[in-house]
Amino acid sequence: MNVSEYLRWRATDLNQQTSFILDDDSNCLIDKILSFENLTDDLKLFFKETNQIDITPNLPKQKLNTSKRDRDYKIYYNNLDIELLSKLHKPDINYFNFKF
């Protein structure tokens, strides 16, 4: 199954990430959102704000179970895929300020 086929299959059973954190009136149900891309910094700030603890998390830098694919994920998507992803994930893209 290539990327295009997967996206079309996945579109039939899709949950937005926002569906896990927003109620039916779009009110956020959680206090803080940490991003995986900045997890160390976000955790440090979280601990400082919530517990007044000045701690720097020591997260492993080694990536486990990584693929040997090209680092730039965008090369796997054609224009139709990008358009489909933009439509399917519009709520998440907008809410989390994601860029593709």
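**View 1. Y6 and W9 form an aromatic pair in helix α1.** Y6 counts as partly exposed because its relative accessibility is 38%; partly exposed lies between buried, under 20% relative accessible area, and exposed, over 50% (1.4 Å probe, protein chains only). Helices here are DSSP runs of H or I with at least four residues, strands are runs of E with at least two, and both are numbered from the N terminus. The structure holds four aromatic pairs. In the pair of Y6 and W9, the ring centres are 5.6 Å apart and the planes meet at 50°, so this pair is tilted. For reference, rings of Phe, Tyr and Trp (its six-membered ring) pair if their centres lie within 6.5 Å; planes under 30 degrees apart count as stacked, over 60 as edge-to-face and the rest as tilted.

A word on the model before the next views: this is a predicted model, in which local features need pLDDT of at least 70, side-chain atom pairs count only at pLDDT 80 or more, and totals for chains, interfaces and linings use all residues. Residues are numbered from 1 along each chain as its sequence is written, and side-chain values use heavy atoms, with hydrogens and water left out.

**View 2. T18 is a buried residue in a loop.** Look for T18 in the loop between α1 (3-10) and α2 (39-51). T18 counts as buried because its relative accessibility is 7%. Leaving aside residues up to four places away in sequence, T18 touches P91, D92, Y95 and F96; a contact means heavy atoms within 4.5 Å. Two of these neighbours, Y95 and F96, return in a cluster with F98, linked by ring pairs.

**View 3. A nonpolar patch lies on the surface.** L29, I30, I33 and Y95 make up this patch, with about 350 Å² of accessible area together. Patches are made of residues with over 30% relative accessible area and no salt bridge, with nonpolar side chains (Val, Leu, Ile, Met, Phe, Trp, Tyr) joined within 5 Å and like charges within 9 Å. A salt bridge is a side-chain nitrogen of Lys or Arg within 4 Å of a carboxyl oxygen of Asp or Glu. The areas come from the Shrake-Rupley method with a 1.4 Å probe, and for residues only the protein chains shown count as cover. One member, I33, lies in the loop between α1 and α2 and counts as partly exposed at 40% relative accessibility.

**View 4. Helix α3 has a buried side.** The buried residues of α3 (residues 79-88) are D81, L84, L85 and L88. They cover an arc of only 100° around the axis, which puts them on the same side of α3; the arc is that of the directions from the helix axis to the C-beta atoms. Their cover includes α1 and α4 (90-96). N79 and K87 are exposed on the other side of α3.

**View 5. S26 and Q52 have positive phi values.** Neither residue is a glycine. S26, in the loop between α1 and α2, has phi near 65° and is exposed at 52% relative accessibility. Q52 belongs to the loop between α2 and α3; its phi is near 55°, and it is exposed at 64% relative accessibility.
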